[in-house]
Every structure is written in structure tokens, then in C-alpha cells.
Amino acid sequence: MKMLMRVVLGVVVAGLALVGWVASSRVEAQNTTNGTWTASVSKEDSKINLSFERRSDKGGRHQTGQTFDFADLQGLSREQALNGGPVSFSLVREAGRIDCEGTFQNGKGTGTFRFTGNAAFVSAMKSRGFDFSEGANGDNDERDRLFAATALNVTTALADDLASAGFGKLQTEDLFKAAIFHVDSKFMREMKASGFDLSMEDLVKARIFKIDPEFVRQVAQMGFEKEPFESLVKMQIFKVTPEFIAEMRNEGLMNLQIEELVKLRIFKIDADFIHQAKADGVPVEVEKLVERRIGVGRH
């Protein structure tokens, strides 16, 4: 009887070990992805352009391209990439790791990779209110998000930093935006101190159009204080610079609003155009100059 119990107990233990191994294997499988990579090295600096391509379970293709410092890659130097030959290197981040193998020739490389996500990162992010888990529609959201988080270096430190700014409830996608466009608590606070309490979307827009506290100060010096954020965006898009404003003022267009300056830029009205318009008897007014540009009133 004792012998039978020992056999049964041994079978149970072995069974539990097998179940645990299968469960572990499933978790690992859910967090791993294989694909191909290509790379090119700039001979002028210490960076490498690295692109990854992977296929989804449904046959879709996902491509990710980014510029990395060689210091980000374990096992690959600039000299190795330029000299050529077989390589094996890794991008190791908090969200996971991308292990690559392949070859380089004349500064260009190609090969295969294996991505392994970090389950501890998923748990740590979930405890902070950011859900990286698989979507309800069955797509591999978690794998895709973990891969992107690894490539972009989305970290729990970034999540904590953004939370420290008192920004309010952020979504998981906001972490990716912050990582891509270098939005952090310092930038948030600086923009708020400049008079702009911006959403994440507007902070991203500020980064794209290079609107920072220094630009806000310059705009105020131009005579435009307490302008709405969208007006500053328009100034950057249409290149309403201090030089352009001075040029227009020298031609007699004083006390213009930003919308009027933008209109002048849109219709390519500069000092030379105004000189010719004056010679033809056109009043120096924004609307009259625009009409002249588009041909209204001319025969």
C-alpha cells in the first residue's frame, strides 16, 4: 500500500511539474516573436538604422524602424558593422529583449531575430494603471505592445515620471507618444509654467513643431502675449518669424494679428510683393494684398 501511494504521489508530482512546464511554455510562447531585421550604418556618426519585420498569426506584416546608438546594442560595435561578417547582438530593455543574428557587408546588415517579452514588466505596468494585456478581439496586442515598448524603450521609470507631473489619468498609448517625442514631466511643467496646461496630444504637437518655453518667450517679445496654443502652432507651421514680422511692419503693416500674418505667409506676400502693389496703387491692407495676389479686381 505504501509502495502504491509512493507511485501515485510520484505520478501526481510529475503531472504537476508537466502542467507547470506546459503553462510556462505557453506564457513564453505568447511573449515571443520571430522575424527578420535589416540595418544600415551611417559613416558620419555612431548610430545605426535598424528595421524589424515580423508576421502576425493571421498573416499580417508589422514593420518597425528606428535609429539606435550602438551603445544600445549588446554585442555589436560600429567597427563590426562596417568591417562586415557574421554578427550576434541584442537590444535589451525593461519590456523585453530582441536577440539578433545575421551578417553585415559594407555597412549594411540583414538577419533574423527572436523577441522575448518580459512578463514582470507587464505586471509592473498593470500595477500603475497601464494594461499591456491581450485585447478582447484576440489580436496579439500584448506582444505587439511589448515589442514596441522594447524598441522605443518605454519603461516603468517613464510611467512614474509622467505620473509625478500630476498630469491625470494617462492611457497606455500615451506612454508610447511620450517615448517617441521625448515628453517628460520636466517639459510638462515648463509648458504649464509658460501658461499652457496641455493635453498629451498638444504636448506631442509642441514637440513636433518645436514649441517650448523659449519659443513662448520669443512670441511674447514679438508682441503676442497670451495667445492660444493653436496660434503658436500656426506660427511654426507657416514660419511666422520675428524677421517676417519686422519685414511686414517696415512695409506699414502694423498691429497685425497672428491670423493675418499667417494669411500673408499662405499667399506668399513679402516685401517685394508689397513694393509692387504700392506702385500699382494697392492699399497696404492684408485683405487688399491678398486680393491682389489672387487676381481679384485686376483686368
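**Close-up 1. The largest cavity of the predicted model holds about 30 Å³ of space.** A search of the whole structure finds 1 cavity of 30 Å³ or more. The residues that line the largest cavity are Phe 224, Ile 245, Met 248, Arg 249, Leu 253, Leu 256 and Leu 261. Sorted by class, this lining has 6 nonpolar residues, no polar residues and 1 charged residue. Helix α11, which spans residues 242-250, supplies the largest share of the lining, with 3 residues.

**Close-up 2. Helix α12 packs against helix α14, with axes that cross at roughly 15°.** Helix α12 covers residues 258-266 and helix α14 covers residues 286-294; their axes come within 10 Å. Angles under 35 degrees count as roughly parallel, and α12 is therefore roughly parallel to α14. The crossing in which α12 passes α14 is left-handed. On the α12 side, the contact is made by Glu 260, Lys 263 and Leu 264. On the α14 side, Val 286, Glu 287 and Val 290 take part. The residues of this contact divide into 3 nonpolar and 3 charged, with no polar residues.

**Close-up 3. Helix α13 meets helix α14 at an angle of about 90°.** Helix α13 runs over residues 271-279, and the axes of α13 and α14 are 11 Å apart. Because angles of 65 to 115 degrees count as roughly perpendicular, α13 is described as roughly perpendicular to α14. Phe 273, Ile 274 and Ala 277 of α13 make the contact with Leu 289, Arg 292 and Arg 293 of α14. By class, the contact of α13 with α14 has 4 nonpolar residues, no polar residues and 2 charged residues.

**Close-up 4. Helix α5 and helix α6 have axes that cross at roughly 95°.** Helix α5 consists of residues 156-164 and helix α6 of residues 172-181. The axes of these two helices come within 11 Å. From α5, the residues in contact are Leu 158, Ala 159 and Leu 162. These residues meet Leu 175, Ala 178 and Ala 179 in α6. The contact of α5 with α6 is made up of 6 nonpolar residues, with no polar and no charged residues.

Technical notes. Residues are numbered from 1 along each chain as its sequence is written. This is a predicted model: local features need pLDDT of at least 70, side-chain atom pairs count only at pLDDT 80 or more; totals for chains, interfaces and linings use all residues. Side-chain values use heavy atoms; hydrogens and water are left out. On a 1 Å grid over the protein atoms alone, a cavity is a set of points where a 1.4 Å probe fits but cannot get out, and a pocket is an open set with protein on both sides within 12 Å along at least five of seven lines; lining residues have an atom within 4 Å of a point. Grid points are joined across faces, edges and corners, and a volume is the space filled by probe spheres set on the points. Helices (H or I, at least four residues) and strands (E, at least two) are DSSP runs, numbered from the N terminus. Ala, Val, Leu, Ile, Met, Phe, Trp, Tyr, Cys and Pro count as nonpolar, Asp, Glu, Lys and Arg as charged, and the others, Gly among them, as polar. Axes are lines fitted to C-alpha atoms, for helices over the stretch in contact, and angles run from 0 to 180 degrees between N-to-C directions. Angles under 35 degrees count as roughly parallel, over 145 as roughly antiparallel, 65 to 115 as roughly perpendicular and the rest as oblique. A crossing is left-handed if the near helix is turned anticlockwise from the far one by less than a right angle, and right-handed if clockwise. Contact means heavy atoms within 4.5 Å.
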